[in-house]
Amino acid sequence: MDNFNIETKCIQSGYKPKNSEPRVLPIYQSTTYKYDSANHLGDLFDLKAPGHMYSRISNPTLECVEAKIADMEGGVGAALTTSGQAANLLAILNITSSGQNFVSLSSIYGGTVNLFAVTLKKLGIEVRFATPDMTESEVDALFDENTRLVFGETIANPALNVLDIEKYAKIAHKHNLPLFVDNTFATPILCRPFEFGADIVIHSTTKYMDGHATVVGGCVVDSGKFDWNNGKFPELTEPDESYHGVVYTKQFGEAAFITKLRVQLIRDFGVAPSAINAFLLNLGLETLHLRMERHCANALEVAKFLENNDKIAWVNYPKLKSSSDYALAEKYLPKGVCGVISFGIKGGREAAVKFMDSLKLAAIVVHVADARTCVLHPASTTHRQLTDEQLKAAGIGPDLIRMSVGIENVNDIINDIKQALDEVR
Ligand SMILES: *Cc1c(COP(=O)(O)O)cnc(C)c1O
């Protein structure tokens with residue numbers, strides 16, 4: 001499959017039917033698998049033979065979707081989880097335990113900030129935040145002998161900063177540590193972080209990959225390129241007692257990280273998605289390339305319209321030449337920077353609420369990144385308990401509107417914005 005372009009991989013990778021088998025990926029709605037001998041099952045439990053044991057660990061429908069996403073990202077393996085949150089959690093826990101720490105960019109998804117700064121802290125794992133404007137030596141100063149990895153988002157949700165992947169890959173590798181990149185907003189259509197030195201990629205498949213707002217899900221992808229045999233990762237290079245002493249790097253080579261994540265953490269935390277959800281995700285993936293193209297084209301037109309409108313105070317979209325991340329976007333995201341835009345309306349909180357209430361096509365929802373255009377006003381919803389001053393400290397202006405531009409006709413989207421702006425005095 002490796003020689004095909006990404007558009008072809010969206011459709012053809014993963015499921016490979018044999019003679020007279022179903023053309024479309026079947027939903028294997030089975031918890032259980034059948035064996036000809038007790039010995040074979042014993043070998044499965046010792047990870048000596050490939051195959052499925054139990055759908056909490058793996059399933060044939062999931063396996064095909066995992067193979068497709070791994071191929072799209074250019075990795076050696078992938079594992080689906082029940083949510084993006086679960087994917088980030090397991091990826092971190094796979095090489096981090098109590099008493100250790102990791103470095104993360106500060107401009108990341110709010111849910112991930114909670115996971116890192118509140119919940120992981122309770123487990124004894126410390127996150128050390130790096131701001132995007134820090135120099136390399138300032139970031140270096142965050143590391144110590146207990147630091148395990150570096151984390152960032154290709155396109156930050158909702159700040160929309162573009163990650164300088166090569167910079168952070170270089171810093172991580174200098175410390176003999178891997179770079180983890182949450183590639184949710186970019187998807188492998190717009191950016192494949194492994195090509196720039198990232199080692200592990202994570203997705204909330206809930207967003208563009210599903211694309212229709214039907215299934216919450218996540219995925220971890222392993223590049224297979226990081227050398228875990230550098231003395232820092234005994235969890236991968238020393239025997240795992242829960243599998244009769246398996247050594248992941250010895251038995252699974254370049255797929256050591258993703259194999260451990262599945263057979264140890266997905267097994268123990270119980271976060272494998274259902275076969276029907278994997279099937280729905282696969283349908284989304286089949287049109288991902290077409291949808292991303294339209295999301296990007298529509299969003300750029302909407303961003304340009306907003307930038308030229310008198311009632312708009314500011315617009316943040318990295319493909320606008322006015323964006324401070326324009327050069328990074330050109331380098332890492334030449335085809336586009338997804339459908340999400342943030343902007344402010346003159347008149348602050350009150351004007352923003354009036355604008356939102358006046359929209360007819362764009363709906364007010366908490367979700368982003370599906371086919372339908374939607375908007376969110378953090379100051380009056382997700383962050384409504386904060387004062388204007390507290391909002392400012394959190395980097396969210398009282399006027400900030402996050403618009404997720406869908407794949408409708410762009411003129412209809414712009415006309416809707418126009419008529420709503422007319423309602424704002
Ligand atoms: C939504 C999101 C998540 C969390 O994913 P869920 O599927 O909602 O659990 C993580 N990272 C980013 C960048 C997201 O946008």
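**Exercise 1. A covered helix**

Which residues of α11 are buried? Work out the helix from its span to its burial.

*Solution.* First, a word on the model: it is predicted, local features need pLDDT of at least 70, side-chain atom pairs count only at pLDDT 80 or more, and totals for chains, interfaces and linings use all residues. Residues are numbered from 1 along each chain as its sequence is written, and side-chain values use heavy atoms, with hydrogens and water left out.

Step 1: find the helix. Helices here are DSSP runs of H or I with at least four residues, strands are runs of E with at least two, and both are numbered from the N terminus. Helix α11 covers residues 256-269, which is 14 residues.

Step 2: check its length. The expected span is 1.5 Å times one less than the number of residues. From first C-alpha to last, α11 reaches 19 Å, close to the 20 Å expected.

Step 3: look for a bend, taken as the angle between axes fitted to the seven residues ending at a position and the seven starting there. At R262, α11 bends by about 30°.

Step 4: sort by burial. Buried means under 20% relative accessible area, exposed over 50%, and partly exposed in between, with a 1.4 Å probe and protein chains only. In α11, 12 of the 14 residues are buried: A256, F257, I258, T259, K260, L261, R262, V263, Q264, L265, I266 and R267.

Step 5: step off the end. G270 follows α11 and has a positive phi, near 65°.

**Exercise 2. Building a sheet around β12**

Which strands pair with β12, and in what sense?

*Solution.* Step 1: set the rule. Two strands pair if DSSP finds at least two bridges between them.

Step 1: take one neighbour. Strand β9 (residues 340-345) pairs with β12 in the antiparallel sense over 5 bridges. Along this pairing, G344 stands opposite L400, and V340 has S404 as its bridge partner.

Step 2: take the other neighbour. Strand β11 (residues 374-376) is also antiparallel to β12, over 3 bridges, with L376 opposite R402.

Step 3: Five strands form an open sheet in the order β8-β9-β12-β11-β10, with mixed pairing. The edge strands are β8 (312-316) and β10 (363-364), each pairing on one side only.

Step 4: look at the side chains. In a regular strand they alternate between the two faces of the sheet. In β12, L400, R402 and S404 point one way, while I401 and M403 point the other way. Strand β12 (residues 400-404) is mostly covered, with 5 of its 5 residues buried.

**Exercise 3. Two helix pairs**

Describe how α15 packs on α17, and α4 on α5.

*Solution.* Step 1: axes are lines fitted to C-alpha atoms, for helices over the stretch in contact, and angles run from 0 to 180 degrees between N-to-C directions.

Step 1: helices α15 (residues 348-358) and α17 (residues 410-423) pack at about 135°, with axes 8 Å apart. That angle makes α15 oblique to α17; under 35 degrees counts as roughly parallel, over 145 as roughly antiparallel, 65 to 115 as roughly perpendicular, and the rest as oblique.

Step 2: the axes of α4 (residues 84-93) and α5 (residues 110-122) come within 10 Å and cross at roughly 45°. Here too, α4 is oblique to α5.

**Exercise 4. Backbone details**

*Solution.* Step 1: the bond from N157 to P158 is cis, with omega near 5°. P158 lies in the loop between β4 (147-153) and α7 (165-174).

Step 1: T187, in helix α8 (residues 187-190), has a phi near 60°. T187 counts as buried because its relative accessibility is 0%.
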